[in-house]
Every structure is written in C-alpha cells, then in structure tokens.
Amino acid sequence: MNTTFLPVNPPQRLLMGPGPINADPRVLRAMSSQLIGQYDPAMTGYMNEVMALYRGVFRTANAATLLVDGTSRAGIEAILVSAIRPGDKVLVPVFGRFGHLLCEIARRCRAEVHSIEVPWGEVFTAQQIEDAVKRVKPRLLLTVQGDTSTTMLQPLAELGEICRRHEVLFYTDATASLGGNPLETDAWGLDAVSAGLQKCLGGPSGTAPITLSEPMVEAIRRRAHVEAGIRTAAHRDGDDEMIYSNYFDLGMILDYWGPERLNHHTEATSALFAARECARVIGEEGLEAGIARHKLHGEALLKGIQGMGLETFGNLEYKMNNVLGVLIPDAVNGDQVRKLMLEDFGIEIGTSFGPLAGKVWRIGTMGYNARKDCVMQTLCALEAVLNRLGLRTTQGAAMQAAWDHYGERC
Ligand SMILES: Cc1ncc(COP(=O)(O)O)c(C=O)c1O
C-alpha cells in the first residue's frame, strides 16, 4: 500500500459555477462532529429535528419530509422508483439536461414515458403542460424547477391545480433552485419534491432532502414490502407491485424515519449533521431573506456581465436567481478562460452540457457564495482574463456596473 500520499489539503478555490459551491463554514464544523449510534436518542432526536427544519425549507406541513442518503440524484431516483409502477404513464416537460435525466430514470422504472420539449433557454407555459396532460393522461407529471444546464426556472405555481383537476401526481426536482428561488410545496399542490445541499442550501452533496404529500405516501404504502430479515407478523404487503429497489424503497425509509424506526440503511450521520446545519442557517436568515439575497447577487452579476459587453443565454424573464448563462464570445476559447480563472485567480466557473457545451459559461451566485465580494472578485477576474486573451473591454466597467447595482439597493 502506498503510504506516501499526503493528507487531504485541497487548494483554495472560490466555486462560482453551477454547484457545488463552497460550503458554509458552520456546515463544515457541524460535519466534523463525532459520530453517534443510529438509535441513540440523541440521533433520532436530530432526525426528528431535520424533518421539522426541512418542512420549513420546503414550505410544507408534510409529515413525510426526510433525507435520502446519496447525491440529489438519489432523492430523484427514490421518488421515481417508489412512485412509478411499471407501465405507468408519466409526462416530462423537458427544457434542459435534467428533464432528460427524469425521462431516463423513469424509463429505468419501466414507465411509459411521454415528453414535451421547448428549445433550451425557454420554459413551458401552464397551457402547454395542461394540453399535454389532457392528451397523455399521465399518472405522474415529472418536472424540473431550475434546470441548471440552461439556467432557466420553470414556473410551477399553476401546475398543481392542473394536476389536481386531472388526478395526476405532481413532482419537481428542486435540486438547484430550493433556497434561492420561491418554492411552495403545499400552496402549489406538489406531491413530491427533492433537493440537494450543494447549491443554494450551502452544504456538500451527499444527502438529498425530500418531501412527500399524503396522497404520494398512500401510493407508496400500497406497494409496501418489508424485507425478510426484519419483518414481523404485524407487517403486511401492499396490494400494488413492490418497489423495484431496496435502497430507494421510500416505504421502508419512511418506517426508518418514523416511530417504528425499522432498520433500513445506516444513516449517513455526518451528512445529516450537514443537512441540519444548512437548514438552521437558512432559518436564521429567514427563507424569504435568503431568496432575496440570491436575487440581489444574481442581478448584480447580470449587470456586471452586461457592463462587460457580454451576451447572456436564455430568456432572462425566467432566469434562476442563482445561475447565469453567458454566451462565450467567438474571440476566445471558453476552456482557456476557465483554466486561467482557476489557475491565476482560484475561481471556478462552469460550462454547460449537450448543445450548450463550449458555447455557454454558467456562473453561480448561490448559498454561501451569494455574496457581494464573490460577485466583485469574479467579475474583475473574468474581465482581466478576457483582456489578457485579446478580447478588449473597458476594464473596470463590469465591476462598476455591479457596484452601482448594489449602491442602488444597499
Ligand atoms: C437540477 C438538477 N437536478 C439533478 C442534479 C443531480 O444532482 P447530483 O449530482 O447531486 O446527483 C443536478 C446537479 O447539478 C441538478 O442541477
């Protein structure tokens, strides 16, 4: 075994891409707490607190509000595999990479997948979605709230009512939007929402907060199946087909988080400490104040980018508060710009995927990094790099435009 590797000591970076971002130091401190046993009353007490805290973050009264261990995709997959029975029809409005991901996961759940698409950079009207619901008659509508690949935010407020009228279960992936953009689980009639810590919540990836409505829990309970080694005479299988995953069986995960404390996985304690601290930080700032902060810094970045003479990507009316798409000017190589930003300034920005790969940079202002100093540093560095590579701008103009924006508001 190689014993010459040095202890982990990552370079200092300012993460201004589409996530992950730098974790709040309070979250890092919480994660370094010593482990305790999973049935220690202190631990089950923390689990109950996490449930209560995330009801606040998701703006819901749902009892079934908990963590799925794994990255955000684990939360998505747990909801989809638990809710979709093989052969169920699902409808997915696709406006970027993460809509395609929902189709992909639903297909693996053996759903009959129907999708509708708009060009990347746009979102759907409620009417377009209702027309498709009427045509397809799905059992579930699977949406993405903020598709980080395009930086667009799909309006969801009217969709719950449409789903209610057509008896459709309504899910959204809020991985990249929760905490930085309004999301009203109960008021918007959502049946399931999943998220991740590594964007606006200011933590590391590794555990996925989710919330489920009563009708969604009932649908999952109809698929109840408790694994052999832990089931008792009191456990009854549901009438519907079992869930075709053990790890992501939300029925069993609910029993683990509920009063029965039925053994399932070993809870990822450090990740739970992180999730708890993320929600506490949000609670102290106030959810609405935090969303307003994301909007302020997102707009300041936009003013700066426009002040630099760069063009943005997508319909700005539907832009997420926390990520901006910037068209890479023809005169420069986008990867070279990102390399210099990282090597000479320690700042990471992102590119995008699929049709936008190499065409768009994505700059995030989220979570712990939705701050004035982060925006100013990023703009100054980007402008300096562009000029170094021969794209002449009025140096300082971008930073001044952002500063003026703050000046008008602070
Ligand atoms: C909207 C959205 N959904 C899902 C994911 C997947 O998350 P993870 O990489 O944490 O599994 C991401 C990650 O960027 C995302 O932005």
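By class, how many nonpolar, polar and charged residues does the shell around the ligand have? In this structure, which is a predicted model, the shell has three nonpolar, eight polar and three charged residues. Of the 14 residues around the ligand, the ones that come nearest are Thr71, Ser72, Arg73, Thr148 and Thr175, and the elements that give two or more residues to that shell are helix H3, residues 72–83, and strand S6, residues 146–147.

If we leave aside residues up to four places away in sequence, Ala106 touches Leu80, Ile84, Val90, Val92, Ala111, Val113 and Leu142. As background, nonpolar side chains tend to be buried together in soluble globular proteins.

My last topic is helix H13, residues 397–409. Which residues of H13 are buried? They are Ala398, Met399, Ala402, Trp403 and His405, and they lie on the same side of H13 because they cover an arc of only 155° around the axis. In general, an α-helix has 3.6 residues a turn, so residues three or four places apart point the same way. What covers the buried residues of H13 includes helix H10, residues 287–307, and helix H12, residues 372–388, whereas the face turned away from the buried side carries the exposed residues Gly407 and Glu408.

Definitions and conventions. Residues are numbered from 1 along each chain as its sequence is written. This is a predicted model: local features need pLDDT of at least 70, side-chain atom pairs count only at pLDDT 80 or more; totals for chains, interfaces and linings use all residues. A residue is near a molecule or strand if its C-beta atom, placed from the backbone, lies within 6 Å of it. Helices (H or I, at least four residues) and strands (E, at least two) are DSSP runs, numbered from the N terminus. Ala, Val, Leu, Ile, Met, Phe, Trp, Tyr, Cys and Pro count as nonpolar, Asp, Glu, Lys and Arg as charged, and the others, Gly among them, as polar. A residue is buried if 20 or more other C-beta atoms lie within 10 Å of its own, exposed if 12 or fewer, and partly exposed in between; C-beta atoms are placed from the backbone. The arc is that of the directions from the helix axis to the C-beta atoms. Two residues are in contact if their C-beta atoms, placed from the backbone, lie within 7 Å.
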